[in-house]
Amino acid sequence: MKVFVSSPAGVRVYCEVHEGQSWTVFLARHHQSTQENFTRSWQDYKKGFGDPEGEHWLGNENLHTLTGGETRYRLRVEATNLQGEQRYGEWRVFRVAPEDNRYRLTVEQYSSSSTLGDGLNYHNGQSFTTVDRDHDTNPSINCAVHHGGGGWWWRWGWRWGWVCGDVNPTGPLHLSDLHQDPWEVMSWVSFTPGDGRWVKLSSLTMMVIKS
Ligand SMILES: [Ca+2]
């Protein structure tokens, strides 16, 4: 069930009701008549972009305001592969640091009952990177550019090949399984827990709720 609410700060957010609880969605990806452009600047990712009723990013400043205080937040991710199979994952700790700490990510305590693999552990503690603000761990490339243009908590390293992470939530949405390397489009490593392959996604929702 979809619900739209306005936060005390006047930000209109999309909430997903799951088992009677209202989760605040901060990333929504799905097929729509015109896909949202996720190749965006630091400022755009800071402020947020897109339509709360369609594909959107809530904004790093909003995410920090929401999760950066003393109240603990949990994360839920729902992902669908190109064959229409849906998986979900939950993490009991999710926090985004202030801008002067480059919106550093804390994502911990993956729930073992998840059906989606823990693609986020590798990104824990990483700073946010966009095409115009490079905070990844590779001095010679920009990981946002390397992975299709989207901003994320990119971190360079050996992950079944040299890449910048285990997930690509903000990559271009490709409904075809052809022609495109999966790490350059919206995808998730270990869609099935323990399986290290990149799996392209047809939809993805990331949302938070107070613990
Ligand atoms: Ca870099």
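## Basis of the model

Residues are numbered from 1 along each chain as its sequence is written, and side-chain values use heavy atoms, with hydrogens and water left out. In this predicted model, local features need pLDDT of at least 70 and side-chain atom pairs count only at pLDDT 80 or more, while totals for chains, interfaces and linings use all residues.

## Overall fold

The protein has three helices and 13 strands. Helices (H or I, at least four residues) and strands (E, at least two) are DSSP runs, numbered from the N terminus. The radius of gyration is 16 Å, close to the 17 Å from the globule rule for 211 residues, so the protein is as compact as a globular protein of that length. That radius is taken over C-alpha atoms, and the rule is 2.2 Å times the number of residues to the power 0.38. The C-alpha trace spans about 45 × 40 × 35 Å along its principal axes.

Of the 211 residues, 50% count as buried. Buried means under 20% relative accessible area, exposed over 50%, and partly exposed in between (1.4 Å probe, protein chains only). The exposed surface comes to about 9,600 Å², with 46% supplied by carbon and sulfur atoms. Areas follow the Shrake-Rupley method with a 1.4 Å probe; for residues, only the protein chains shown count as cover. Among contacts with a separation of 6 or more, 53% join residues 24 or more positions apart. A contact means heavy atoms within 4.5 Å.

Strand 13 covers residues 198–210. Of its 13 residues, 10 are buried, so the strand is largely enclosed by the rest of the structure. Two strands pair if DSSP finds at least two bridges between them.

Strand 6 (residues 73–81) runs antiparallel to strand 13 over nine bridges. Here Tyr 73 has Lys 210 as its bridge partner. Strand 3 (residues 21–29) is also antiparallel to strand 13, with five bridges. Leu 27 stands opposite Met 206.

## Calcium site

The calcium ion has these protein donors: Asp 134 (OD), Asp 134 (OD), Asp 136 (OD), Asp 136 (OD), Asn 138 (O) and Ile 141 (O). They lie 2.2 to 2.9 Å from the ion. Donors are N, O and S atoms within 2.8 Å of the metal (3.2 Å for Na, K and Ca); water is not among the atoms, so sites may look incomplete. The donor residues follow the spacing D-x1-D-x1-N-x2-I. Asp 136 is buried at 11% relative accessibility, whereas Ile 141 is partly exposed at 25%.

Angles among the six donor atoms run from 49 to 147 degrees, and the site is irregular. Four donors count as tetrahedral if all angles lie between 85 and 135 degrees; four count as square planar and six as octahedral if opposite donors are over 155 degrees apart and all others between 65 and 115; anything else is irregular.

## Loop residues

Ser 41 sits in the loop between strand 3 and helix 1 (42–47). Ser 41 is partly exposed, at 24% relative accessibility. Not counting residues up to four places away in sequence, Ser 41 touches Thr 130 and Asp 132.

Tyr 103 lies between strand 7 (86–96) and strand 8 (105–110). Its phi is positive, about 55 degrees, although Tyr 103 is not a glycine. Tyr 103 is buried, at 0% relative accessible area. Ser 190, in the loop between strand 12 and strand 13, has a positive phi near 55 degrees. Ser 190 is buried at 10%.
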